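Dear colleague,

I am handing over the structure we discussed, and my notes on it follow directly below.

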Amino acid sequence: MTDDNTNNFDLSRRKLLGGLGAIGVASAGAGLGTTAFFSDEESFTDNTITAGAVELRMDWQQSYYTGIDGQEPDDHTTWEPINAYPDLDGDNLQDPIYTRFQLQDDPTLVGLPVDASDEEIEAGYRGQFASFDGTETDGTGNHEFVGPVIDLDDVKPGDKGEITISKHVFDNPAYLWVNASNYQHTVGGLNDPKREALQEIYGDDLSDQELIDAADAEMQFAKEIDATLWYDDDCDNFFDEGAGACIQLVVDNTDSMGSQAPGSTDELKDELLIEALEEYVGRLDTKDGAESSDGDTSPFSVGLTNWTTETDTVLLPTSDVDDIIGNDGGSYDDSTGLQTINYQSLDGGTDLPLAIEAGADALSNCPEDEDRIMVLVTNGINVDPGDFLAPASANLRQNGGEVDRYLVIGFGVLGDDINTLEQISTLPGNHKFMLVPDPDIDQAINGPADPNTDPVTSVAEEIGFTAGGEQAIFQGSLYDLLTEGADITDDGFVDDYEVDGIAGGYPLDSDRNRDGRQCYPNSDTRCIALEWHLPFEVGNEIQGDSIVFNLDFYAEQCRHNEGSHNPFEEPQQPA
């Protein structure tokens with residue numbers, strides 16, 4: 001494997017917690033172009049073979065809690081913003097990140113001319129993310145980042161900090177690794193309070209130099225800092241330890257949804273969809289078979305919005321199974337719950353932007369601490385991408401809206417509709433598009449029988465059946481995170497994700513709902529976050545101490561690789 005299909009980000013050495021590490025990035029080159037010309041007097045000209053590439057870029061938001069008035073220790077939104085990327089206005093808050101499709105509609109959003117070419121728009125889109133490889137960013141809306149990312153020089157006991165890093169893989173899906181390297185600890189100079197604290201620990205018969213040497217060997221500062229590293233699935237800078245999920249089904253109810261399912265001569269799309277959704281609700285009721293049915297889907301709730309050129313929210317999110325399943329009264333007006341899907345409108349077109357807004361209004365009734373998920377189901381639309389993405393983006397909670405995630409199912413959609421629906425997955429956050437080109441809508445709702453042989457995602461896998469929250473990669477002292485390694489198998493896995501630290505390389509997994517390790521998709525948004533806390537109980541022995549370290553990210557294309565190669569593993573020395 002060469003650097004032609006890998007990308008390595010070395011998040012460079014900086015002060016950490018006087019300061020807490022830093023993230024500057026250096027990147028190896030990505031991509032190799034090879035051109036072959038075959039010609040004679042009658043020739044096939046300009047035949048071209050271009051090797052694939054992998055490019056890894058990042059953006060981030062960092063915040064810092066110092067306990068001043070107005071800051072809440074458990075609410076990052078009240079903490080002081082330290083820096084972000086991109087941040088053109090210099091307010092330390094991350095600027096909006098525009099999708100390719102928003103830039104196609106208005107290239108001036110990132111400083112491009114209104115008649116920008118497709119190549120310029122792609123460069124402008126990627127230019128919103130840091131590459132640190134010397135790539136020219138003028139005219140793309142980006143700016144050169146002057147590090148370090150984390151550079152705090154007056155940290156006190158009780159202080160906290162958090163940074164969420166969004167990773168973007170371009171050109172090809174890739175396996176990702178993260179590594180902690182170049183850890184260094186420096187003991188600050190002695191003053192009277194520090195000397196007394198160290199004498200209490202190591203003895204009052206030691207000289208100043210002996211005290212410093214003892215403290216240097218102990219590296220107490222990093223050992224006192226509590227650290228959590230986790231997969232921040234919704235990129236919201238919070239470690240979500242578990243809460244309910246509020247699900248609003250937003251279903252195309254035009255007459256074409258009552259037609260034959262793709263690839264079938266006798267099965268109808270609406271009937272197959274109702275059956276699949278009823279099974280999913282039943283699995284929520286029984287927690288996927290782990291307990292007896294009690295008619296209650298808690299901690300999940302499910303609602304339904306149907307739409308054509310108008311929208312009708314027939315059910316706000318509820319955990320009552322009978323209300324969700326509903327009754328078939330023989331007509332749309334007389335039916336309730338999921339049964340209303342069986343009665344389509346003949347009015348024609350589909351107004352998807354209006355449906356998104358109606359679904360978001362329904363989700364506004366959910367508790368604030370619950371994940372709010374919109375599941376869109378359609379068999380075809382006629383919507384301009386900009387019109388589609390604008391309400392979707394505006395209704396994301398990070399923009400003040402009510403939606404945390406979009407799961408979009410295209411049931412037999414064709415042509416440009418596939419691309420349009422797929423575009424929602426490029427919005428910031430962990431969204432998904434699922435294409436169903438055959439009658440098996442149940443697979444998109446409830447999951448494949450064998451995800452290893454038929455690897456498609458599903459509503460069930462994305463939402464889960466228990467409110468388990470986001471997954472921690474590591475919880476413990478910052479010292480252990482930076483100096484200890486994980487137990488990695490020869491196949492490049494970490495058993496049960498029990499991690500002692502990430503030194504020496506840790507294999508990241510894009511989808512922990514599946515068995516095995518999954519690649520990071522091309523042009524998707526996935527986040528990893530680090531939070532640290534220096535407890536109040538820490539004494540004067542750490543005054544003036546500092547820590548520096550690197551965080552290294554490495555990407556290796558998935559095709560022709562198994563993800564087992566640890567790029568940070570120390571080479572074996574000959575015997």
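How many bridges join strand β10 to β11, and do they run parallel or antiparallel? Five bridges join β10 (residues 300–307) to β11, and the two run antiparallel; among the residues involved, T305 has T313 in β11 as its bridge partner. Strands here are DSSP runs of E of at least two residues, helices are runs of H or I of at least four, both numbered from the N terminus, and two strands pair if DSSP finds at least two bridges between them.

Please bear in mind that this is a predicted model, in which local features need pLDDT of at least 70 and side-chain atom pairs count only at pLDDT 80 or more, while totals for chains, interfaces and linings use all residues. Residues are numbered from 1 along each chain as its sequence is written, and side-chain values use heavy atoms, with hydrogens and water left out.

The strands belong to an open sheet of six, in the order β11-β10-β9-β12-β13-β14, with mixed pairing. Because β11 (311–318) and β14 (432–436) stand at the edges with a single partner strand each, one side of each is left without a neighbour in the sheet.

Helix α6 (residues 269–285) packs on this sheet, touching β9 (245–252), β10, β12 (371–378) and β13 (405–411), where contact means heavy atoms within 4.5 Å. Helix α8 (residues 352–363) also packs on the sheet, and the strands that α8 touches are β9, β10, β11, β12 and β13.

Elsewhere, L508 is in contact with residues including K167, W177, Y231 and F553, leaving aside its neighbours within four places in sequence.

Best regards

Methods: Axes fitted to C-alpha atoms, helices over the stretch in contact; angles between N-to-C directions.
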